[in-house]
Amino acid sequence: MMRRAFLRASLAVGGGLLLDFSIPGALANARGAAAGPAALNAFVQISSEGIVTIVSKNPEIGQGIKTMLPMLIAEELDVDWGAVRIEQAMSDPARYGLQFAGGSRATPLNWDALRRVGAAARQMLVSAAAQTWSVPAAECETQSGKVIHAPTKRSLSYGSLASKAALIPPPDLAALPLKDPKDFKIIGKSHPGVDSPLIVAGKPLFGIDVTVPGMLYAVFVKSPVFGGNAVSAKLDAVKSQPGIRDAFIVPGSGPFNGLASGVAIVANTWWLANKARDQLQVVWEEGATAAQSSEGFAKQALELQAQTPAAKVWSEGDATQALAASAKQLEAAYSYPFIAHATLEPQNCTAHFKDGKVEIWAPTQNPDAGRKIVAKTLGLTDADITIHMIRCGGGFGRRLMNDYMVESAWISREIGAPVKLLWNRPDDVQHDFYRPAGFHFFKAGLDSAGKLQAFKDHFVSFGQDGKAASSADMGANEFPAKFVANLELGMTLMPLGVPTGPLRAPGSNALAFVFQSFIDEIAHAAGQDPLQYRIGLLGERRVVGAFDSGRMIDVLALAGEKSGWGKRTVAKGSGMGVAFYYSHLGYFAEVVHATVGAGGRVTVDKVWVVGDVGSQIINPTSAENQVQGAALDGIGEALAQVITLRSGRVVQSNFDDFPLLRMNQAPPVEVHFLKTDHPPTGLGEPALPPVIPALCNALFAATGVRIRSLPIDPKLLMRPDLPA
Amino acid sequence: MQYTIQVNGKAQSLSADPQMPLLWVLRDVLDLKGTKFGCGRSFCGACTVHLNGVATRSCVTPISAVGSASVTTIEAVASTPTGRAVQNAWLAVDVVQCGYCQAGQIMSASALLAKNPKPNDADIDQAMSGNICRCATYSRIRAAIKQAAGLPTVDSRDRFL
């Protein structure tokens with residue numbers, strides 16, 4: 001009797017991107033009349049008692065999506081937030097569409113689409129009530145989980161209508177009317193994280209907390225040199241340790257996000273598995289990457305910068321000639337290091353391989369990509385793999401790659417039991433997909449009035465065969481491209497044997513530092529106020545590509561106003577710096593007040609953030625938290641973080657040599673949103689990039705020393721008036 | 001070796017290697033998953049529990065060193081009025097982002113308030129800087145501690161208000 005009514009609607013969202021939803025309706029038919037909650041579509045179930053269960057489709061990594069996406073549905077469904085229960089979706093793209101956490105994309109992709117999902121369910125409930133009363137649906141309205149027939153003052157609860165509504169054919173999503181934003185009751189109001197009561201009580205929610213009956217524990221020891229292979233290992237010494245169930249070599253295959261070569265150790269408890277590593281001796285075939293080092297790359301970059309860039313990224317006018325003709329010329333070399341993600345929950349995954357199928361419990365940002373690479377590596381089909389999306393103890397882009405998922409599935413198959421694989425901290429720091437290092441060689445020319453006439457960047461980055469490594473690229477719209485008459489952006493790539501990947505605001509987290517710092521140099525060379533100079537560079541309000549310079553001018557002006565830019569008396573040794581950056585469709589301008597003390601020690605006193613992410617802040621409490629976190633994340637990167645490559649391996653191993661920002665270093669961050677008449681966009685990332693140059697520009701204002709390399713070296717900032 | 005330790009008010013008998021850290025005894029022997037693993041070296045504080053009321057990094061505390069000390073984990077933090085106030089403040093201030101560090105943060109915060117019921121910002125820095133929050137929810141952690149203490153939540157370090 002199963003009748004499936006599929007509704008497929010293509011909705012134009014954001015930049016013309018098409019979303020395809022399939023909503024299995026009428027599922028209640030198969031369940032019988034009154035048993036259990038009625039499913040109105042893939043996302044909404046309502047019990048006869050009126051409990052509304054809303055499915056959250058995306059991975060939760062701390063960005064607050066498990067609260068925010070259901071808010072969109074609940075708003076248009078017209079129920080009280082208190083009546084809503086939230087359920088985490090399984091990885092099932094055929095049912096839920098795209099399921100990933102990345103690129104601050106959830107808001108632009110779902111703002112319209114998920115509100116329509118809620119509106120569709122509401123309309124089915126209205127139809128059910130209208131049928132019950134034999135009145136036109138147009139005479140019915142809804143409020144707080146009830147359908148009301150105003151002319152006769154009758155009402156029916158959603159709970160009493162749900163099973164009937166589930167039988168009604170779903171309406172055309174694209175044609176549904178949506179609420180006027182002024183009538184929003186849930187969107188725009190602060191709703192604390194739905195899992196927080198469980199988190200503060202220590203309930204098991206994270207990947208590392210997963211328990212499966214009969215489960216064993218594993219560690220996986222990989223080659224310290226990226227891409228190296230385990231040739232042989234003294235496994236008996238490991239196997240004779242207490243509690244060890246097995247130890248075996250895993251052959252590597254395929255790309256970095258697949259299965260690396262290494263040695264798996266499986267034990268009765270994780271601590272015993274990890275401890276047995278002390279007895280493990282492996283002969284590694286290290287491979288070509290053993291010749292690579294951070295120092296070597298820096299040298300190579302210096303040599304390459306003198307040559308013509310291998311590839312042109314963008315050019316306009318004649319930068320060479322304009323530079324030669326300019327009244328004042330500037331030249332500066334900037335660089336930034338590799339850095340790691342360092343999610344506080346180390347990579348882990350639980351997998352159970354049984355009868356040619358794998359069930360996986362994964363803290364992942366990108367479950368379907370994991371399914372595909374597990375299937376490929378184990379020779380299975382996508383349908384053989386079931387993935388539970390488990391709350392992630394941080395993501396930051398690390399869990400877009402699913403190497404740990406492949407490892408756990410492989411080990412479970414080899415051992416014939418469910419396995420929880422957990423990396424220790426050195427594994428995590430030394431086997432990341434790093435934010436790539438980069439080297440920029442800038443030149444600029446100003447006319448006698450200080451106007452920027454010529455701009456050049458030779459970006460020496462990583463990649464091969466003309467293709468930049470992941471997150472090592474630069475686009476043709478990198479500001480000030482298209483805002484200067486004569487400009488040339490060029491790139492030269494160095495081959496790299498180390499995996500790279502997106503880190504929160506990928507590309508932007510590094511490019512903002514170099515471009516917004518060099519622009520600050522230009523402003524100072526022009527003898528002009530750095531904030532006003534930036535507004536001048538942005539020039540006439542106009543749209544270039546997707547970038548609206550008017551929106552950026554407005555956030556800059558407001559950041560100036562909120563921070564008291566140019567109006568404060570700044571103490572000796574202190575300074576204020578400003579920067580802006582456009583990424584992930586968000587417009588952010590930030591001001592930092594910083595002080596340099598004895599020994600060049602940097603104290604960040606305060607950060608002001610102004611962001612324009614459109615017309616609506618969906619969940620204000622979460623939005624402020626995300627923005628504050630992003631700004632502090634950037635400060636942490638700038639103050640201390642570096643991953644050093646030596647002989648093809650990572651030198652750092654834990655939080656002593658790869659320090660994260662701590663409470664006593666974290667300044668207050670004041671956040672303002674400038675609401676504008678544009679569709680809402682995402683917030684996890686775009687507040688991060690500008691804080692780094694704003695900090696470095698503040699340090700210049702404080703000391704006259706220009707920071708051109710990260711992390712910030714206090715030795716460069718030593719003040720003659722203070723002790724070292 | 002056989003050990004009997006006091007965890008959350010109950011005697012727990014178990015067999016373990018003397019070097020096995022309390023963290024892993026709690027998580028994988030006693031199935032108390034609230035205490036988290038972050039670094040294994042006492043750098044991050046995710047594994048913080050109370051030993052006789054003192055905030056202690058369980059990842060570097062071998063089971064053999066626990067003795068008769070009373071161990072309290074996040075699962076039982078609400079059994080004291082201070083612990084419950086901290087938990088409630090965490091929810092009211094909406095501190096959590098990913099949430100992974102928060103058990104350790106709450107254990108450090110409740111140990112601080114048990115000893116110093118009205119901490120100032122310097123006291124908070126001192127007590128909390130051993131706990132890393134990778135999401136950097138530090139402003140809200142600071143505010144929640146003050147709220148639990150019944151203090152105004154304003155950040156006294158902010159001289160630009």
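**Exercise 1. What radius of gyration would a compact globule with 161 residues have, and what does chain B have?**

Some ground rules before the solution. This is a predicted model, in which local features need pLDDT of at least 70 and side-chain atom pairs count only at pLDDT 80 or more, while totals for chains, interfaces and linings use all residues. Residues are numbered from 1 along each chain as its sequence is written, and chains are lettered from A and ligands numbered from 1 in the order in which they are written.

*Solution.* 
- Step 1: take the globule rule, 2.2 Å times the number of residues to the power 0.38, with the radius of gyration taken over C-alpha atoms.
- Step 2: for 161 residues the rule gives a value near 15 Å, and chain B has 16 Å, so the two agree.
- Step 3: look at the box. Along the principal axes, the C-alpha atoms of chain B fill roughly 60 × 30 × 25 Å.
- Step 4: check burial. In chain B, 59% of the 161 residues count as buried; a residue is buried if 20 or more other C-beta atoms (placed from the backbone) lie within 10 Å of its own, exposed if 12 or fewer, and partly exposed in between.

**Exercise 2. Describe the side of chain B that touches chain A.**

*Solution.* 
- Step 1: 46 residues of chain B are in contact with 47 residues of chain A.
- Step 2: H1 (22-29), H2 (81-93), H3 (102-115), H4 (121-128) and H5 (138-148) of chain B each supply at least two residues to that side.
- Step 3: H5(B) gives the most, with four residues.
- Step 4: sort the residues of this side of chain B by type, and you find 24 nonpolar, eleven polar and eleven charged. Here Ala, Val, Leu, Ile, Met, Phe, Trp, Tyr, Cys and Pro count as nonpolar, Asp, Glu, Lys and Arg as charged, and the others, Gly among them, as polar.

**Exercise 3. Which residues of H4(B) are buried, and how are they arranged around its axis?**

*Solution.* 
- Step 1: the buried ones are Ile124(B), Ala127(B) and Met128(B).
- Step 2: looking down the axis of H4(B), these residues fall within an arc of 85 degrees, so they line one face of the helix. The arc is that of the directions from the helix axis to the C-beta atoms.
- Step 3: recall the geometry. An α-helix has 3.6 residues a turn, so residues three or four places apart point the same way.
- Step 4: find the cover, which includes H3 and H5 of chain B.

**Exercise 4. Classify the packing of H14(A) against H15(A).**

*Solution.* 
- Step 1: H14 (residues 508-525) and H15 (residues 530-538) of chain A pack at about 105 degrees, with axes 9 Å apart. Axes are lines fitted to C-alpha atoms, for helices over the stretch in contact, and angles run from 0 to 180 degrees between N-to-C directions.
- Step 2: that makes H14(A) roughly perpendicular to H15(A); under 35 degrees counts as roughly parallel, over 145 as roughly antiparallel, 65 to 115 as roughly perpendicular and the rest as oblique.
- Step 3: H14(A) makes the contact through Ile519(A), Asp520(A), Ala523(A) and His524(A), and H15(A) through Pro530(A), Tyr533(A) and Arg534(A).
- Step 4: these residues divide into four nonpolar, one polar and two charged.

Methods: Two residues are in contact if their C-beta atoms, placed from the backbone, lie within 7 Å.
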